[in-house]
Amino acid sequence: MRSPKDFFRPLAVGAPQPVREVPFRPSRMIHFFDPSNPKMAAKVPDIAPTVDVLLGNLEDAVAADRKEAARAGLVEIAAKADFGDTQLWTRINSLDSPWALDDLLTLVGAVGHKLDVVMVPKVEGAQDIHYVDRLLAQLEAKAGLERPILVHAILETPSGMANVEEIAGASPRMQGISLGPADLAASRRMKTTRVGGGHPGYLVRQDPSGDDAPRATFQQDLWHYTVARMVDACAAHGILPYYGPFGDIKDTLACEDQFRNAFLLGCVGAWSLHPVQIAVAKRVFSPEPGEVAWARRVMAAMGDGTGAVMIDGKMQDDATFKQCRVVAELADALAARDPELRAAYDAATTAVLDQE
Ligand SMILES: CCC(=O)SCCNC(=O)CCNC(=O)[C@H](O)C(C)(C)COP(=O)(O)OP(=O)(O)OC[C@H]1O[C@@H](n2cnc3c(N)ncnc32)[C@H](O)[C@@H]1OP(=O)(O)O
Ligand SMILES: O=CC(=O)O
Ligand SMILES: [Mg+2]
């Protein structure tokens, strides 16, 4: 473990200064595409302005014999395109694979100045982040990069779960963590073959009423514990939590429900695997205009944020002021990037304040 005094020291001579705080940039959807798939690659210029993050995926879902083509495809796309405000991320292959080292050597050398975040799959503990951290510092120094590339871990192994706090705090490069429900289910030996989402067998049943009346059942969220634990680890270390993939592409309603559970628990975004999931993530991870208007109203009424007041029969105090600030600050950050959202938030706020 590095001494706290050295935590923010660059890990290679000539590497950029690590960030002191994770910059909050909208990342409601991390849109995955396979850079070796010509049809998907052709859609990138149209998709880029509609998403917060575009991610060139090199790991699972890219066939073994397409790994090199995917890496080369990403270099070509990144070198050519200007994505404006949209972030460019990549998911490299896992650290025990034959491809991970070349993924980093190639990408940082060729297009490191365009890459915002490297997503690292199957992270087991802080040692994996330390390895990537040092290697990135060496490669950044060699490439003459002026800003550090951040690191995002996928939570998808039982050891990763057990070590989630130390992973979150392993380096100033840590930007966030995503849940990887498919690999996590497999490695935990969970008996679900779904990618995220609920399961009809995971339920609680109403108590018997003494007669033969049917007993209602209520499906539960298989991922509640895992997401909540991830959110706490991230919040404790000032990094951002994300729900990962939802595999039932056609079931956009259940996808929306799963994303919303994650949003309410503290996640800032989720992955979109198919274009239809982009709008779902955008809707869910942008607070509703009515909620934003309420948050702004409470903050206006609370002044310096101390004391207690009643608004519409509800008690507000220092803690609710902070809750409202979370919503209002998120709304402001998203509105800065999205004029339609800004107009919706401002209209709702004006309507609420005009009623007073
Ligand atoms: C579970 C654990 C994980 O690791 S999840 C992360 C890894 N998985 C991925 O990245 C999957 C990414 N998505 C995909 O591969 C495809 O969307 C899958 C799910 C296979 C569906 O593809 P397909 O059968 O072509 O769907 P479709 O006919 O409805 O597609 C319509 C057009 O849209 C395109 N498309 C599809 N997905 C994307 C995408 N993610 N980004 C950009 N474009 C996409 C298709 O190529 C298709 O294009 P066209 O209209 O034929 O020209
Ligand atoms: O990589 C994601 C997963 O669910 O596995
Ligand atoms: Mg995975």
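A residue counts as partly exposed when its relative accessible area falls between the 20% below which it would be buried and the 50% above which it would be exposed. In this predicted model, aspartate 183 has a relative accessible area of 22%, and it is therefore partly exposed.

- Because glutamate 156 belongs to the loop between β5 (150-155) and α5 (158-162) while aspartate 183 belongs to helix α7 (residues 181-188), the pair ties together parts that are 27 residues apart in sequence.
- Glutamate 156 has a relative accessibility of 4% and so counts as buried, whereas aspartate 183, at 22%, is partly exposed.

**Aromatic pairs**

- A search of the whole structure finds six aromatic pairs, and one of them joins phenylalanine 7 and phenylalanine 8, whose ring centres are 5.1 Å apart and whose planes stand at 85°, so that this pair is edge-to-face.
- Both of these residues are partly exposed, since phenylalanine 7 has a relative accessibility of 22% and phenylalanine 8 has a relative accessible area of 23%.
- Tryptophan 89 and tyrosine 242 also form an edge-to-face pair, with 6.1 Å from centre to centre and 80° between the planes.
- Tryptophan 89 lies in strand β3 (residues 87-91) and tyrosine 242 in strand β9 (residues 240-242), so this pair ties together parts that are 153 residues apart in sequence.
- With a relative accessible area of 0%, tryptophan 89 is buried, and tyrosine 242, at 0% relative accessibility, counts as buried too.
- One aromatic cluster is formed by Tyr243, Phe259, Phe263 and Phe285.

**Lysines over tryptophan rings**

- Lysine 67 lies over the face of tryptophan 99, at a distance of 5.1 Å from the ring centre.
- Lysine 314 lies over the face of tryptophan 294, and here the distance from the ring centre is 5.5 Å.

**A crossing of two helices**

- Two packed helices are described by the angle between their axes and the distance between the axes.
- For helix α11 (residues 289-302) and helix α13 (residues 339-354), the axes come within 8 Å and cross at roughly 55°.
- The two helices α11 and α13 are therefore oblique to each other, and their crossing is right-handed.

Terms used:
Residues numbered from 1 in each chain as written. Chains lettered and ligands numbered in written order. Predicted model: local features only at pLDDT ≥ 70, side-chain atom pairs only at ≥ 80, totals over all residues. Heavy atoms only, no water. Phe/Tyr/Trp six-rings, centres within 6.5 Å; stacked < 30°, edge-to-face > 60°. Buried < 20%, exposed > 50% of the residue type's maximum accessible area, 1.4 Å probe, protein only. Helix = DSSP H or I, 4+ residues; strand = E, 2+ residues; numbered from the N terminus. Lys NZ or Arg CZ within 6 Å of the ring centre and 35° of its normal. Axes fitted to C-alpha atoms, helices over the stretch in contact; angles between N-to-C directions. Parallel < 35°, antiparallel > 145°, perpendicular 65-115°, else oblique. Left-handed = near helix turned anticlockwise from the far one by under 90°.
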